[in-house]
Amino acid sequence: MTAPAIRVKDLRKRYPGRDGPVHAVNGIDLEIRRGECFGLLGPNGAGKTTTVEILEGLNRPTSGEVEVLGRRWEDDPTAIRERIGVTLQETRFSDKETVRELLTVFRSFYGQGITVDEAIKRVSLESKANALIEQLSGGQQQRLAVAVGLIGDPEILFLDEPTTGLDPQSRRQLWDVILDLRERGRTIVLTTHYMDEAQRLCDRVAVIDYGKIIAMGSPAELIARLGGDHVIEFAVGGVDAPLDLEVLAGLDSVLSARADADGYSLTAGEPHRAIPALLGALEDMGRPLLRLTTRHVSLEDVFVSLTGRHLREDADDDGNANGRGGRWRRRRRSRSAAG
Amino acid sequence: MLRNSPFFQLYLARLREFYRQPARIFWVYGFPLLLAVVLGFAFRSRPPAPVQVDLADGPGAEAVQRAVEAHNARLAQSDSRATPDGPLPPIDLSVHPQAEALRRLKTGRATLAILPEGPESWTYRYDPTRPEATVARQTIDNVLQEAAGRVNPATTRDELVTEPGSRYIDFLIPGLIGLNAMGGGLWGVGFFLVNLRIAKLLKCYVATPMPRRDFLGAILASRLTFLAPDLGGLLLLGVLGFGMPIHGSLGLVVLLDVVGSLAFAGIGLLIASRTATTETVSGLMNLVMMPMWLLSGVFFSSERFPAAMQPLIQALPLTQLVGALRLVILEGAGIAQTEILMALAILAAWAVGTFWLALRLFKWS
């Protein structure tokens, strides 16, 4: 039990691209301990999936070292595969097989593992054991994909965006499966672009953007780095001129201020001091308040604060954003507009 | 024990996936049988169809009518295949007033009109560019001349060949067996693998310790399994439905079909080795299958194509498979015959070559 579950040193992956090579992974160092749930966070195109696929042995790095359970992919791929489980993004299993049949097929690939019934139980699909896969809902299919990852009783389970596209209830069911696994002392590596998911499930997270880790630590540590515990979000009416962020940041108890797509947000240590100060300042400026909410700081705020700073320097680069990343992009754009 | 065999489990999964889709079963097995039945009936050997002739009413028309009735009665009595006159078709005569008969001819509703001019004198009116009109002209003239007392100076005899083994259906069934082997290899291996890649299942498999040779082995084993009902169905239809003879050894027929199927499975694997979209794979399939559909002699003999094209045509696996199947089934060729050995060698070369290349190019993700 000396080696960490995963050790990565200066990992790089370069793809040929239209305008010169694309650095999907650009120098990542990582050590994932045994028994922890580790999250890789970042927007789409940040390099999460490429990194995880290299760890899973599905993709080869351009350079760098990867050790999984103390072994290297070049030396003994089958021995590693026997001991890891992989749940890919958006796998579509054959419609015409039953849950039990599919798991029986995958079970036959492993020298040892849990029984098919046990795998079905762990993901709570007992009532669907003999149903054809086409009869499962999206959330049930995703749980089945996790069961496929679990069937070899892996020491490390990789989950790539396990809850993307699921409804809130299915997400929570899947979270329970992952938390149960964490309690059994297995190592879990998951990628996600949902910050609440990482906060809920992960012991430690690494925030990835543009192929690099820009922050790493437990969710609580990362949140603490922002300084304040609370976020105050508000919008103002009146003339269409933006508020001065420096003035806002200088208010009592306010630690930082930034402009969002549809208003402003402040991080504050003590809202009961910051809010009266804000109201006073707005009244002096003659700007009516249209909306005001407060909430606790989340990993999402950490991410925006990190990538926001990052993006102010090269605001034109939005080559990585697409579909699901829209949320991030909007924030980035608003950020650069304000700056 | 079988429960833990990746090969057996993957093989079972492939069979399940197939038999749980009735539509697929129809297109793979039902459709070729249907095609054989339809084409077999469309091109079956039939007694000659009656010749349509119009007769303008008038004096002398009665003589013509009598002669035709006598001819038709003679045909009805005898076994129509062996009349002393040879296989003359029956004549379907309809009598109209002259103006009406001419109008029918002009509008194309009649092929030939007889305009009587006296007891033993009449005019045939027809368009010589219509083949059925010239056939009608020959037939009716023969009948009327003989009725008028013509004696044929030379003695002739007709020998009619409609033996099982030389009809269109006998030609067609080996062709369809070959066509099925091609479709099965390309769709059942090529298309199937590309779909697995699109569904990210290939990636999912390769992330496990699954032995890759078991995966390939299961696909080939299921392909050969699907071959059995396929070959059996068409042979049974030929033998029981159409009385097709199988002159050669059944074992050799099976061997040829298996080697041919492996050649097509190899081509399917090659097509699928890098393709990642349905559109591309469909295009590639058509690119490969189209020339063989046209050139390989499934529906008509490939020898009709110019000599310059023959080396290319003979190199196509479907040409070899279909040609060898016909030799064995219809002519009783044995494995020692040069053409059969040649066909087996060419098919095996296709199989080995395409597998070798495909396994080097194949991408799992």
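Reply: Here is a walk through the aromatic contacts. This is a predicted model, so to speak of local features pLDDT must be at least 70, side-chain atom pairs count only at pLDDT 80 or more, and totals for chains, interfaces and linings use all residues. Residues are numbered from 1 along each chain as written, chains are lettered from A in the order written, and side-chain values use heavy atoms, leaving out hydrogens and water.

Rings of Phe, Tyr and Trp (its six-membered ring) pair if their centres lie within 6.5 Å; planes under 30 degrees apart are stacked, over 60 edge-to-face, and the rest tilted. That rule gives 18 aromatic pairs over all chains. One of them is Phe109(A) with Tyr205(B), edge-to-face at 5.9 Å centre to centre and 70° between the planes. This pair crosses between chains: Phe109(A) is in the loop between α3 (99-107) and α4 (116-122) of chain A, and Tyr205(B) is in helix α7 (residues 201-206) of chain B. Helices here are DSSP runs (H or I, at least four residues), numbered from the N terminus.

Phe109(A) is buried at 3% relative accessibility, and Tyr205(B) is buried at 9%; buried means under 20% relative accessible area, exposed over 50%, partly exposed in between (1.4 Å probe, protein chains only). Both rings belong to one aromatic cluster, along with Phe93(A), Phe106(A), Phe215(B), Phe362(B) and Trp364(B).

As for charges, the charged end of Arg14(B) sits over the ring of Phe192(B), 3.7 Å from its centre (the cut-offs: NZ of Lys or CZ of Arg within 6 Å of the ring centre and within 35 degrees of the ring normal).

Methods:
Helices (H or I, at least four residues) and strands (E, at least two) are DSSP runs, numbered from the N terminus.
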